[in-house]
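Hi,

Here is the structure I promised to pass on. Have a look at it first, and then read my notes below.

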Amino acid sequence: MASTYRSSIQRKITFVILTASFVSIALTCACFVAYEFLTFTQRMAETLSANAQLVGANTTAALSFDNKRDAQDNLRALAALPSVRIAAVYDKSGNLFATYARTSREAPIPRTAAQDGIKFFSDRMILFQPIMLDGSRIGTMFIESGYGPIYSRFTTYGFIVILVMLGSLAVAYLFARRIQRKISGPILDLADTARSVSESRNYSIRAKVDSDDEIGNLAAAFNEMLEQIHSLHEDLEQRVIQRTAELEMANKELEAFSYSVSHDLRAPLRHLGGFAELLREKCNDQQDPNIVRYTGIISDSAKKMAKLIDELLEFSRMGRSEMKTQVVELDDLVAEVVGEAKSGIGERKISWNIRPLAKTMGDYAMLKLVFQNLISNAIKYTGKADDAAIEIGLVPEPNRIVCYVKDNGAGFDMRFIDKLFGVFQRLHRLDEFEGIGIGLANVRRIVERHGGKVWAEGEVGKGATFYVSLPLTN
Amino acid sequence: MDKNRPLKRILLAEDNENDIELTLEAFRQNDLGNVVDVVRDGSEALDYLFRRGKFTSRPEMEPDAILLDIKMPRVDGLEVLKVLKQDPVLKVIPVVMLTTSREDSDLLKCYDYGVNSFVVKPMDFAEFVRCVKTMGLFWGALNEPPPQKKDAGA
């Protein structure tokens, strides 16, 4: 890639220089040739006219004495001029008097004299010129000449022009290579710098600035930009480090907090329960049955609060603990969870409909907790339904996996959907359905840590459907 | 083999009075008629074990087992365990961590230092009583103590 890039700009500059040189040399040569052509033609015409004058002067005696033979002989002298093809002498009244033709294949000679002067045609020039004697006209001289000398001369010129052009283009090429390096060199340097910066991500590299023209300005601006990126980059890294440290600190504090919660809050509760128990044992022989009931409530409440603390700590741990991501076969996972659930429902009859699921990426233990919560909820809330049915399946979607757990149980009012996934938020009273309201909060936290979403649909008395989206395996 | 050999002497390191009372009550309910020496923090536990300070003249016999709470003022249970398990003589005494909560970090450290058992006190008192009974049976009857200790005790 680098070499085509390199050759491209160098070739373009060389091409521009060569084209400009070629055009200027070609124009110069054309002007020169045109000028030469005009002067040469002019000179040839003058030579022709002089020769006509000469031959005409020699022919005056022949014309005066009507001696056609002499005139013929005189005309033959024109054989010395190779370009003259035909020639003729006309008498005073313009009638043909004597003729000359270089070869027998020449064009016909005009029968009468035409107007004086020289005329140029594409392949020849013709000349009519008066023959004078003592100031009066006694006849007309005619000569037709080819362009032979011009052709041969201009063939030579052509060769010279081509040689000159080739020579100057060669010289121009050598110069162009030198000059283009001056222009392309800094550009290529800049391009190299840009490439190595983007490849190595080392923002401390700088481009060379060795001129104060536009390219120099470009390199300086580029360097300035790098400077900014460099400082932004460092700033960003600094901020990431700082933020990470803050997060780690917060996490540590949270850990210390939960450690202390788990120790310091549980101990008094245990004491509460323990001493309530001892109190009940001591009061067993008392008449008032309320004493036994009250101490029972105290120890039950203490146990319940301990459970709340445990669940809350587990919830907080779920948000902090490290995820061990692997490929998880949801079919196996759900089968395992349903198997465990079935053994825990005793005599209850539930019709299970478990459809084929898919593979996803995630932490097996966490995902298991998701389905444990959803499935145990489905079992719990179908507890009062006559023919409990639970369905687990997949909603076909292209870019993610969407599982659903559907039941025909108590359902919920869609108006309270916002509270469904909140911590310690419940949509049912304790005397209706047991629970502390942390299961779905856990489900949401786990699924969100997997980059997925949870949502639900429900209707009071008709049942609920919970949806979980999870990533595809890559 | 002496199957019904009771634990003769136990060291309980616990800072909380309520916990001490409940633990002793659990021992009483299980008729584990042993001597329970109670120390109130980690530094006292170390003084006891190394016979320093007010424990300079305590009886010759080493405890059959040590029940250690983790969270104690001054020197915590982990520190006591660490020092204890590095001592060539005292390291053979079985140490049971008896704690309120189950923290992975604590578990890892305790087993790293060479703890013999880690027990989380159940919330329910009746369960705690059963738990103490099990411990008494295990360390007192089922488990074979190290020979040196037996010799020292005899």
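Predicted model: local features only at pLDDT ≥ 70, side-chain atom pairs only at ≥ 80, totals over all residues.

Which residues of α2(B) are buried? They are B:Gly42, B:Glu44, B:Ala45, B:Leu46, B:Tyr48 and B:Leu49. That makes six of the eight residues in this helix, which runs over residues 42-49, so the rest of the structure largely encloses it. A residue counts as buried here if 20 or more other C-beta atoms lie within 10 Å of its own.

Now for where the two chains meet. Chain B puts 15 residues into the contact and chain A puts in 14. On the chain B side, the elements giving two or more residues are α1 (17-29) and α5 (125-142). Helix α1(B) gives the most to that side, with four residues. By type, the chain B residues that touch chain A split into six charged, five nonpolar and four polar.

And chain A itself? It has 474 residues, of which 23% count as buried. Its secondary structure comes to twelve strands and nine helices. Taking the contacts in chain A with a separation of 6 or more, 63% are between residues 24 or more positions apart.

Cheers

Key:
Residues numbered from 1 in each chain as written. Chains lettered and ligands numbered in written order. Buried ≥ 20, exposed ≤ 12 C-beta atoms within 10 Å, placed from the backbone. Contact = placed C-beta atoms within 7 Å. Nonpolar A, V, L, I, M, F, W, Y, C, P; charged D, E, K, R; others polar.
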